[in-house]
Amino acid sequence: MVEELGRRRINEGDFYVLRFYNRLDETKKGEIACASAEDARKWMEAFDQAKQQADNDLTRGGSRHKLNVETEINLEGHRPRVRRYAHGLKKLIKIGKGPELLLRKSSNLGRSMSSKYLEEQQGDAIEAHEWKCVRTVNGIRIFEDMISSKGAKGFLVKAVGVVDANLDIVFEIVLSLDQHKRYEWDMLTGDLELVDSVNGHYDVVYGTYDPKYLSRGQSKRDFVFSRQWFRGQDGSYTIIQFPIVHKKRPPKSGFRRTKINPSIWEIRRLNTSPSSRDSKCLVTQMLELQPGGWGLWKKRRRLDFEKTIPYTLLCQVAGLREYFGANPALTYDSSTTISNISNASSVSSEFEDSEVQEEFYDAIAADECLEDEDSDDDDEISQGGKVKLKNVAWAIASMTMKRSSGSLMSSELDGKSAPISIDASQFQGTLHRGKGDNDSNCWTAVGGHGFMIRGKTYLQDSDKIIGGDPLLKLLAVDWFKADSTVDKVALHPKSLAQSEAGRKLPFILVINLQVPAKPNYNLVLYYGAERPVNKESLLGKFVDGTDTFRDSRFKLIPSIAEGYWMVKRAVGTKACLLGKAVTCRYLRQDNFLEIDVDIGSSSVARSIISLVLGYVTSIVVDLAILIEAREEKELPEYILGTVRLNRVRLDSAMLL
């Protein structure tokens, strides 16, 4: 396992640290300090590709001794041996570079790279946003969310711009506290100093600002805010900035303490023409504004919005773009010159990285469909968040690519067995089933229509379709707490799987989400099938397959249906291969498969879940579980199960 530990300050320098360890024996471990975020990403790709290639060699009957390298990991000893190991590490990096070139070569060569295509929605869940461009400042578009502003206490706005640089470098510049660099693009938060470093993904900074550059007669200001960042599986970066109070920086004489607007930076790669060697990324800065200034400015009652801190923050994207334009040496992307590695292409599709297959293209959803004025308006989003397809041809194509519920049942479940009738009233969990959308501290069953999944032609055109009804039925949800991590809940005498009604079911899928906190929480989802699993199907291969196969295919799509906007953006709507992001343990017995998802095994996941827990009583979370399809015969994808969690209270968790 390889885990990103984030940034660490060593001898006055910032490094990006990776930890690698043996899952079966965690005493065998090590760390790698990388000089840049790009180097850290390449190391992650290298380890992942090398592991996949080794797994593939074993499945094809390769020699076991090829993997026995325990004695060669120790770099202590004679210099010739160290040089030999260094050569091996260089080869490892080369292996990791292979997929990126294959990815670029195989990507949609026949598509026209219109601006609409470049600004596709990156999520896999449909969100109820309606972004409207309300102003263009210094070539940067300013958007307002027209849906969230209706009836809300504040407004949500964002600045969007294209930066001609590698996304890893842009991420480093935004995080950098170097005064000389920030002076070149940031007129507000140029003077920053580190106050506290909580972990590799979270720190606190203090800044000062002289408002004379905007207006006269105002005292100097200072501010304190936290920064929390992480990298998604698609390579994109998210930076969350939030005003806080810190004991190390009390109010300072001569300065007026100001609260910086809560904001989020999102940096993601743009897919330019396959023949292009340019590096481009889409940079978005999203702000929460109080209704006073923004509302009056829109109504033309206040014309000096340009002299406010929110306006200055929104201009940071323009400053960043011009900074890279004036420093072309920073825009170079070494990954575009990677040569093909024959060894990398030998990895079977069964163990290919999902990022290679994704090519970072996802189906268009609601929150960014209005960002580009020149794009075709194929979808109309109602206030309820449902999609109304105006393009009839696209709608017909989507319907024809979906699997019917009958064909899905016959292919994934045993069609020769008579179905049983599942009576939901026979199954009870510690978290009660909700009676409506207004109910709280409960769960409800939702369909798959709010999620985007791979369509029949995904391997040819990367198109995704709206999900259908789940294959499995959600039976019950357990919500409990314990002092330590709890595995194998399906074996507990009070578990649904051990009940008389549960033993009669042909198959039960148990998802045990282990939430790290004090105490630890467990959210356990029970899904039932009305027929036995077809052993020849994709589900059958997953249920009775190896842990390596399960890790490479087990996928979850999250979506915050209701809640604070910063939590929504932090969680995102991008599908996540859980076996790659966190440690998953599997228990296959009798008529059930249990998946124990250790969220605490990843520092990034811990950071995100701590943010979610702070708002859990006011958010509504939708989750979709599926097995990733990677071969023609496995498409289109289908959703295994879904759940909606309505404003769950931590104190309602039962003590196990």
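A nonpolar core is a set of buried Ala, Val, Leu, Ile, Met, Phe, Trp, Tyr and Cys residues joined through side-chain atoms within 4.5 Å. Buried means under 20% relative accessible area, exposed over 50%, and partly exposed in between, with a 1.4 Å probe and protein chains only. The model is predicted, with local features needing pLDDT of at least 70 and side-chain atom pairs counting only at pLDDT 80 or more, while totals for chains, interfaces and linings use all residues. Residues are numbered from 1 along each chain as its sequence is written, and side-chain values use heavy atoms, with hydrogens and water left out.

**Figure 1. The largest nonpolar core has 69 residues.** Phe554 and Ile595 touch the most other members of this core. Helix α19 (residues 603–615) supplies the largest share, seven residues. Helices (H or I, at least four residues) and strands (E, at least two) are DSSP runs, numbered from the N terminus. Which residues does isoleucine 595 touch, not counting residues up to four places away in sequence? They are Leu509, Val510, Ile511, Asn512, Phe542, Phe554, Cys584, Arg585 and Tyr586. A contact here means heavy atoms within 4.5 Å.

**Figure 2. A second, separate core has 50 residues.** Its members include Leu18, Val137, Trp185 and Val205.

**Figure 3. Three strands form an open sheet in the order β1-β2-β3.** The pairing is antiparallel, and two strands pair if DSSP finds at least two bridges between them. Strands β1 (2–10) and β3 (29–34) are the edges, each pairing on one side only. On average, neighbouring strands of this sheet are turned by 30° against each other, direction ignored. Between β2 (residues 13–21) and β3 there are six bridges. In one of the pairs, tyrosine 21 has lysine 29 of β3 as its bridge partner. Helix α1 (residues 37–59) packs on the sheet and touches β1, β2 and β3. The direction of α1 makes about 10° with that of β2. Axes are lines fitted to C-alpha atoms, for helices over the stretch in contact, and angles run from 0 to 180 degrees between N-to-C directions.

**Figure 4. Lysine 464 and aspartate 124 meet in a salt bridge.** A salt bridge is a side-chain nitrogen of Lys or Arg within 4 Å of a carboxyl oxygen of Asp or Glu. Side chains of opposite charge can pair when their charged atoms come close. In this pair the N to O distance is 2.5 Å. Lysine 464 lies in strand β18 (residues 464–466) and aspartate 124 in the loop between α3 (115–118) and β4 (131–137), so the pair ties together parts that are 340 residues apart in sequence. Both lysine 464 and aspartate 124 are buried.

**Figure 5. Arg454, Lys555, Glu628, Arg630 and Glu637 are linked in a network of salt bridges.** Arginine 454 and glutamate 628 meet at 3.3 Å, N to O. This pair links distant parts of the chain, 174 residues apart: arginine 454 is in strand β17 (residues 452–454), and glutamate 628 is in the loop between β26 (620–627) and β27 (639–646). Are these two residues buried or exposed? Arginine 454 is buried, with a relative accessible area of 0%, and glutamate 628 is buried, with 1%. Glutamate 628 also forms a salt bridge with arginine 630, whose closest N and O atoms are 2.7 Å apart. Arginine 630 is buried as well. In the whole structure, a search finds 33 salt bridges.
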